[in-house]
Amino acid sequence: MDRNISNLITMAELKEKQPKNERVKKPKWLRVKLPTGKEYREVRDVVSEHKLHTICESGNCPNMGECWGAGTATFMILGNVCTRSCGFCAVSTGKPAEADIFEPRRVAESIKLMKVKHAVITSVDRDDLQDGGSIIWEATVRAVRKHSPGTTLETLIPDFGGKWVNLQRIIDVAPEIVSHNLETVRRLTKEVRIQAKYNRSLEVLRRLKEGGMRTKSGIMLGLGETDEEVIEAMDDLRSVGVDVLTLGQYLQPTTKHIAVDKFITPNKFAEYKHIGLEKGFRFVESSPLVRSSYHAEKHLF
Ligand code: SF4
């Protein structure tokens with residue numbers, strides 16, 4: 001498919017329209033309301049009382065007003081310091097604290113307290129640990145099941161450095177959905193996810209599917225990928241049986257992170273959704289503000 005330039009607004013074009021010394025404004029479709037309201041405050045209080053981390057906060061997610069306002073959040077386990085340094089990610093990089101064996105129970109108690117029907121849990125990468133954090137992962141899934149037997153789970157997992165014995169721990173506890181994000185197209189992987197590998201992520205997804213999991217993966221757009229590359233990534237994901245695809249606009253968390261190359265229009269996202277569904281994904285969430293865990297409960301089927 002030809003690259004549809006007319007649907008893309010380049011940063012250069014946006015800058016040209018802006019007076020000098022003024023920050024480039026996001027397109028109007030990316031502006032969101034600041035989080036407020038009773039439900040939002042309740043979620044925030046539970047998270048802070050139980051000393052939990054959420055990717056919503058650590059990742060500066062633009063959907064906090066909507067998700068927290070609806071009583072849902074994505075918990076981040078194994079601390080809030082990551083051993084990897086992906087160029088797009090707002091989570092801090094460094095030497096993480098020791099794994100906290102009480103974390104699974106705290107997460108499970110909070111999910112129960114918040115009466116979460118479908119919980120999404122993710123983690124930082126823990127390449128410093130022999131088990132890659134998979135023992136805490138397993139304990140967390142078991143603890144949530146014990147405290148909230150009616151709650152379904154989506155686990156957004158790392159690649160465990162390709163140590164398949166660690167991945168097997170996730171397969172053994174069988175969350176309802178297991179996600180692992182490709183994040184970007186093949187060509188940009190080295191730049192965007194420095195310590196990750198495109199083929200290794202596909203292998204994670206292939207093994208999850210072979211283990212009987214419902215699988216999901218996400219790609220951020222606006223990093224400089226072409227139409228052809230997005231479609232190649234869709235084909236690669238389908239070739240390993242991925243069921244659910246999420247596509248959203250990449251937003252630069254700070255000036256130290258990779259710059260946005262383009263703001264992709266809502267129409268273009270709609271076109272990708274159509275293509276993805278034709279390729280056989282059961283669900284495709286594709287719009288500028290979509291994040292991996294956005295509307296996650298809809299992907300139970
Ligand atoms: S989309 Fe995900 S990360 Fe963002 S606020 Fe909602 S639950 Fe949190």
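**Exercise 1.** In what order do the eight strands of the open sheet stand, and which strands are at its edges?

*Solution.* Step 1: the order is 2-3-6-7-8-9-10-12, with mixed pairing, in an open sheet of eight strands. Strands are DSSP runs (E, at least two residues) and helices likewise (H or I, at least four), numbered from the N terminus; two strands pair if DSSP finds at least two bridges between them.
Step 2: strand 2 (53-54) and strand 12 (283-286) each have a single partner strand, so one side of each lacks a neighbour in the sheet and they stand at the edges.
Step 3: strand 2 and strand 3 (residues 74-77) run antiparallel and are joined by two bridges. His53 has Met76 in strand 3 as its bridge partner.

The model is predicted: local features need pLDDT of at least 70, side-chain atom pairs count only at pLDDT 80 or more, and totals for chains, interfaces and linings use all residues. Residues are numbered from 1 along each chain as its sequence is written.

**Exercise 2.** Which residues are closest to the ligand, and which helices each supply at least two residues of the shell?

*Solution.* Step 1: of the 13 residues that surround the ligand, the closest are Cys56, Cys61, Cys67, Arg291 and Ser293. Near means that the C-beta atom, placed from the backbone, lies within 6 Å.
Step 2: helix 3 (55-58) and helix 4 (64-69) each supply at least two shell residues.

**Exercise 3.** Which residues is Leu245 in contact with, leaving aside its neighbours within four places in sequence?

*Solution.* Two residues are in contact if their C-beta atoms, placed from the backbone, lie within 7 Å. Leu245 then has Ser217, Met234, Leu237, Gly276, Phe281 and Val284 as contacts, leaving aside those sequence neighbours.
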